[in-house]
Amino acid sequence: MTPLSTTRLLGAISALVITVTLNGGMLYMFDRMAQGSQTTTAVVSLETVTIIGKRV
C-alpha cells in the first residue's frame, strides 16, 4: 500500500466511525427522551394560516 492510499483508507474509516457515533448517540438520546415522557401527555395545536396572493 502506498502512503496516499493508506491515508485515504484511514480517513474513510475515521469518518465512518465518527458518523456512526454521532448518529447513534443522537438516536439513543431521542429514544431515551421518547421513552421517558410516556407518562405525560403533550398537546400541540397549530393555528390556521391563510396566505392570499395574486395569481400571475
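Here are a few notes on this predicted model.

1. Ground rules first: the model is predicted, so local features need pLDDT of at least 70 and side-chain atom pairs count only at pLDDT 80 or more, while totals for chains, interfaces and linings use all residues. Numbering runs from 1 along each chain as its sequence is written, and side-chain values use heavy atoms, leaving out hydrogens and water.

2. The protein has 1 helix and 0 strands (DSSP runs: H or I of at least four residues, E of at least two). Of its 56 residues, 0% are buried (under 20% relative accessible area; exposed is over 50%, partly exposed in between, 1.4 Å probe, protein chains only).

3. Accessible surface totals about 5900 Å² (Shrake-Rupley, 1.4 Å probe), with carbon and sulfur atoms holding 67% of that.

4. Helix α1 covers residues 3-36 and includes leucine 9, which is partly exposed at 42% relative accessible area.

5. Threonine 6 also sits in helix α1 and is partly exposed, at 29%. A polar atom of the threonine 6 side chain lies 2.9 Å from the backbone oxygen of threonine 2.

Definitions and conventions:
A polar contact is a pair of N or O atoms within 3.5 Å; within protein, one must be able to donate a hydrogen and the other to accept it, and residues adjacent in sequence count only if both atoms are side-chain atoms.
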